[in-house]
Amino acid sequence: MNNNIKTRFAPSPTGKLHIGGVRTALFAWLFAQKNNGKFYIRIEDTDRERLDKEGIPMITESLSWLGIDWDEGINSQGESIGEFGPYIQSQRLDIYKKHIQTLLDNGNAYYCFCDSERLDKLRSEQEENKQPPMYDRECLKLSETEIKEKIDNREKYVIRFKIPENEKTILEDIVYGKIEFENNLLDDIVLIKSDGFPTYHFAHVVDDHLMQTSHVLRGEEWISSAPKHILLFKALGWEPPKYAHLPLILGPDKKKLSKRHGSTKIPDFKDQGYLPEALINYIAFLGWNPKTTQEMFSMEELIENFDLSKINKTAPIFSYEKLDWFNAEYLKRLSLSDLLERCLPFIDNYTKNEELRIKNYALDDEYKYISKIVHVERDRIKKLVDITDNIDFFLFEKIKYPVELLIWKDSTHEEIKNNLDQVIKIITDIDEQNWTVENLEKQIMPEAEKVGRGNMLWPMRVALTGTKKSPSPFEVAWVLGKKITLTRLENAINKLK
């Protein structure tokens, strides 16, 4: 194992894992896997107001479902696993206190007692004067005696980082290349908040060093903060990791992807019946280009082909239509038995009222009956939940439709009734062993040709399904079985009388 390569995924447990977070985790995981390195999970929970008590298990369960595993970090119970723990920031406060004291002692950090009213006023004045909003270092004027008095009097304070002046900081980003920053335009960021918890800026720097992170992959929105983080590493006497900032994921309207565009959370995609392998395959293409025409990649192929140099700077657009295409392609690759097993929970959930369900008299085995439904519908579904669309006629005893729906164009009730009678006569003579789609079509089509296909097949379809759109009437009859097929045809004739 290459101990020089170590990446991490460091989410905040504020809710369900979203597409952007998974893309970050996936790229970091693929890079570590490609280079025989390590990948770990760290929980950044210093924003105490936004915590979700179910946040950690929602994160770990989503990653596990997607096939992303980790060498160190936390399990679903939030327990730390690995030699550099704890891996939850709220359990590392003593560690942060030690290192913030180092910065205070060497003059790279200072106490700030300014209240929100003064800071708001300062910001307003700077905006009016078209100046960059920055802290004016008012509290740097305080003597040690004044600082001690304020602390003893329990005045609220934060601890800020003192940005070195009159210098340039250079970010050598793997994706965006060399970026220079003027230190004089960088704000003295807060390192420790008034509640005693560290900010992201400080905590992640300490943790990335102590946990031996070699590469940090994160969203491009952090590029503006990167020089401050690099300076923090140097102030603590540490070598910064290598950075790769990932382009923002946009919605179809080319604005930042959010819930207004549709589902963005992983559990929601799971509930809709997207396959994890399809979702992973599609997410991999959000900002990464393998430089080939191949689109379908297994996880092993993604690892083999992944390279940080193939990440684009251009913001990718999340397309639900393209994701549906990927998912449909993966569904087609499944064996019927595998597809059936994945569809069953959606069908069971849809047919909770057992009294309304078609019973096993259609076939001796209800499992076999459902497998026939899946067989007929498999090429029509893009995600597993689609299996429940427009198949009530397969699942429930009673179907309702107006008698007029049975009529094809200008046909009379009597003509339709006679055509359905003819269908009944034909299929009555077909035994169970020959009850196949092919044989039903072979026996019925010649008669349909005599009276006009629509005149016979349309009312047959409506009689069996009660709908305008469905699989072919031969496929429907095959699934329903002989007994239910005959019953529904007879019911339709009775409607026409």
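**Exercise 1.** Decide whether I303 is buried or exposed in this predicted model, and state which residues I303 touches.

Solution.
Step 1. Locate the residue: I303 lies in helix α10, which spans residues 299-305.
Step 2. Take its relative accessible area, which is 18%. Buried means under 20%, so I303 is buried.
Step 3. List the contacts, leaving out residues up to four places away in sequence: I303 touches W29, L30, Q33 and K34.
Step 4. For a distance, take F9, which is 294 residues from I303 along the chain. The C-alpha atoms of I303 and F9 are separated by 17 Å.

**Exercise 2.** Find the helix that holds T24, then classify T24 as buried or exposed and list what T24 touches.

Solution.
Step 1. T24 belongs to helix α1, residues 19-34.
Step 2. The relative accessible area of T24 is 13%. The cut-off for buried is under 20%, so T24 is buried.
Step 3. Not counting residues up to four places away in sequence, T24 touches F9, L217, R218 and L246.

**Exercise 3.** Work out how many residues of helix α18 are buried, and which helices they pack against.

Solution.
Step 1. Helix α18 covers residues 473-480.
Step 2. The buried residues in α18 are P473, F474, V476, A477, W478, V479 and L480. That makes seven of its eight residues, and the helix is mostly covered.
Step 3. These buried residues pack against α13 (366-377), α14 (392-395), α16 (437-451), α17 (453-465) and α19 (482-496).
Step 4. Look past the end of the helix: G481 follows α18 and has a positive phi, near 90°.

Methods
Residues numbered from 1 in each chain as written. Predicted model: local features only at pLDDT ≥ 70, side-chain atom pairs only at ≥ 80, totals over all residues. Heavy atoms only, no water. Helix = DSSP H or I, 4+ residues; strand = E, 2+ residues; numbered from the N terminus. Buried < 20%, exposed > 50% of the residue type's maximum accessible area, 1.4 Å probe, protein only. Contact = heavy atoms within 4.5 Å.
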